[in-house]
Amino acid sequence: MCLNRMEMILENLGYNKVLEEYRKAHHLDSFGIGRVISQHKDRYTVKTEDGEFDAELIGNLRFTATNKNDLPAVGDWVSLSEYDENKALIHAVFPRKSTVERKAVGKLGQTQIIATNIDFGLIVQSVNRDFNINRLERYLTICNASKIEPIIVLSKVDLIENQQLEKLMAQVKDRVKNVPLFAISNQSQIGIEKLKSKLTKGKTYCLLGSSGVGKSTLINTLTGTHFMETGEISQSIDRGRHITSHRELIVFENGILIDNPGMREVGITHNSDGLATTFDAIQIMAKDCKYSDCTHTNEKKCAVLDAINHGGLDFDTYANFIKMEKERMHFELDLKERKKKDKDFGKMIKRVQKERKNNKY
Ligand SMILES: Nc1nc2c(ncn2[C@@H]2O[C@H](COP(=O)(O)OP(=O)(O)OP(=O)(O)O)[C@@H](O)[C@H]2O)c(=O)[nH]1
Ligand SMILES: [Zn+2]
């Protein structure tokens, strides 16, 4: 297949056939196409074949959005038209292949999109203070729930002895099966080339992990640039985030990287598939439980509890599963409650409207 220049540039940004077909089917050919690389409130930076645009939504798009999550987010493909030098209007958001979400802080049962159209999640965990397999499983669950392929990156390996690293790697492999595992150091550059060779042009990688594990530094190491301000430099300014040169989505020769500055706390939302995939051993065992709605906590003839008693299931894995399952149930309850509130509110509005109509003469 012979690609023209536009297609080449867009393909490096992650553009593909599915998006092109959508564009044709929805008669968006007359608009330009680009990818949202950063967002500041209702302003977006959109990267296109002609460079970067400062873009806003056309009014219609803003008013027809039923939910905040319908609006563009970092990673989205959009149709746009230029109206001034480097200024553009966004007319449409393309359907998303995947979204990474988290629980919206302080908002009952609501989610907030972190990034969209992600192919892989680079779960970064540092081998010193941050190392925690339960948390690793939590991030794996988020990936699985979001239909994103996980890759585990143990960082800061310069801080420990080789022997200790081998022990940690064995621990991870023991609990987490079939997920690629890399050990790297931004400091000594160990493992960087190996990780880089695993990344592919045109694929989008979202960095996930606690604050301070070295995500921004890893982006700098991989791209060989200083796109990201890292913790050390910017600690004095507003706890280290968002300096103006900051770009949330970065294109380099081995793919597209999205940093994730917001990932302070990771919560499990309503998608139960994520838990099932992460804990598929438990899910398979659960088929043998006597009750189909078994909670695996106190039931008789529970295959999962049996497995623990007979050494067929690691207790820590089980405990982590139960903890996250509880969180998921809480989230679901919150969601139901919010829906009910919305419904009650809708009824109230209707009633008031009716009363107003009846009072007119
Ligand atoms: N020893 C060592 N320190 C590192 C390494 N990589 C990063 N650091 C340090 O760890 C600190 C945090 O690094 P960042 O890259 O800012 O971490 P981050 O994950 O992006 O943090 P947030 O932006 O808060 O999410 C900085 O002081 C880095 O210099 C490494 O490989 N080895
Ligand atoms: Zn059971």
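The chat below walks through a predicted model of a protein, from its overall make-up to single residues.

Me: Before we start, what kind of model is this and how are things numbered?
Reply: This is a predicted model, in which local features need pLDDT of at least 70 and side-chain atom pairs count only at pLDDT 80 or more, while totals for chains, interfaces and linings use all residues. Residues are numbered from 1 along each chain as its sequence is written, and chains are lettered from A and ligands numbered from 1 in the order in which they are written.

Me: How many helices and strands does the protein have?
Reply: The secondary structure comes to twelve helices and 13 strands, where helices (H or I, at least four residues) and strands (E, at least two) are DSSP runs numbered from the N terminus.

Me: And which domains is it divided into?
Reply: The protein is divided into domain 1 (5–93), domain 2 (99–258) and domain 3 (272–350), with bounds that come from an automatic or database domain assignment. The C-alpha centres of domain 1 and domain 3 lie 38 Å apart.

Me: What share of the residues count as buried?
Reply: Of the 361 residues, 33% count as buried, a word used when 20 or more other C-beta atoms lie within 10 Å of a residue's own, whereas 12 or fewer makes it exposed and anything in between partly exposed, with C-beta atoms placed from the backbone.

Me: Which strands close into a barrel?
Reply: Five strands do, in the order S1-S2-S3-S5-S4, and the pairing is mixed; two strands pair if DSSP finds at least two bridges between them. Neighbouring strands of this sheet are turned by 50° against each other on average, direction ignored, going by axes that are lines fitted to C-alpha atoms (for helices over the stretch in contact), with angles running from 0 to 180 degrees between N-to-C directions.

Me: How do S1 and S2 run, and what about S2 and S3?
Reply: Strand S1 (residues 32–40) and strand S2 (residues 43–48) run antiparallel and are joined by five bridges, with Gln-39 having Tyr-44 as its bridge partner in S2. S2 and strand S3 (residues 51–57) also run antiparallel, over five bridges, and these two form a hairpin with two residues between them. Tyr-44 stands opposite Ala-55 in S3.

Me: Then where does S5 come in?
Reply: Strand S5 (residues 87–93) pairs with S3 in the parallel sense over four bridges, and Leu-89 in S5 is opposite Glu-56.

Me: What is in the loop between S1 and S2?
Reply: Lys-41 lies there, and it has a positive phi of about 55° although it is not a glycine. Most residues other than glycine have a negative phi. Lys-41 is exposed, with 5 other C-beta atoms within 10 Å.

Me: New topic: how many residues are in the largest nonpolar core?
Reply: It has 57 residues, and Val-46, Leu-122, Ile-123, Cys-206, Leu-207 and Ile-258 are those with the most contacts inside it; a nonpolar core is a set of buried Ala, Val, Leu, Ile, Met, Phe, Trp, Tyr and Cys residues joined through C-beta atoms within 7 Å. Helix H4 (residues 133–145) gives the largest share of this core, six residues. Domain 1 and domain 2 both give residues to the core, so it lies between them.

Me: What does Ile-123 touch?
Reply: Not counting residues up to four places away in sequence, Ile-123 touches Leu-136, Tyr-139, Pro-150, Ile-151, Ile-152, Val-153, Leu-208 and Gly-209, where contact means that two C-beta atoms, placed from the backbone, lie within 7 Å. Leu-208 in S11 also stands opposite Ile-123.

Me: Is S11 enclosed or out in the open?
Reply: Five of the five residues of strand S11 (residues 204–208) are buried, so the strand is largely enclosed by the rest of the structure. Thr-204, Cys-206 and Leu-208 point one way from S11 and Tyr-205 and Leu-207 the other way.

Me: Which strands does S11 pair with?
Reply: Strand S8 (residues 120–126) pairs with S11 in the parallel sense over four bridges, while three bridges join S11 to strand S13 (residues 255–258), again running parallel. The bridge partner of Cys-206 in S13 is Ile-258.

Me: And helix H2, enclosed or in the open?
Reply: Of the nine residues of helix H2 (residues 17–25), the number buried is zero, so H2 lies largely in the open. His-27, with a positive phi near 50°, follows H2.
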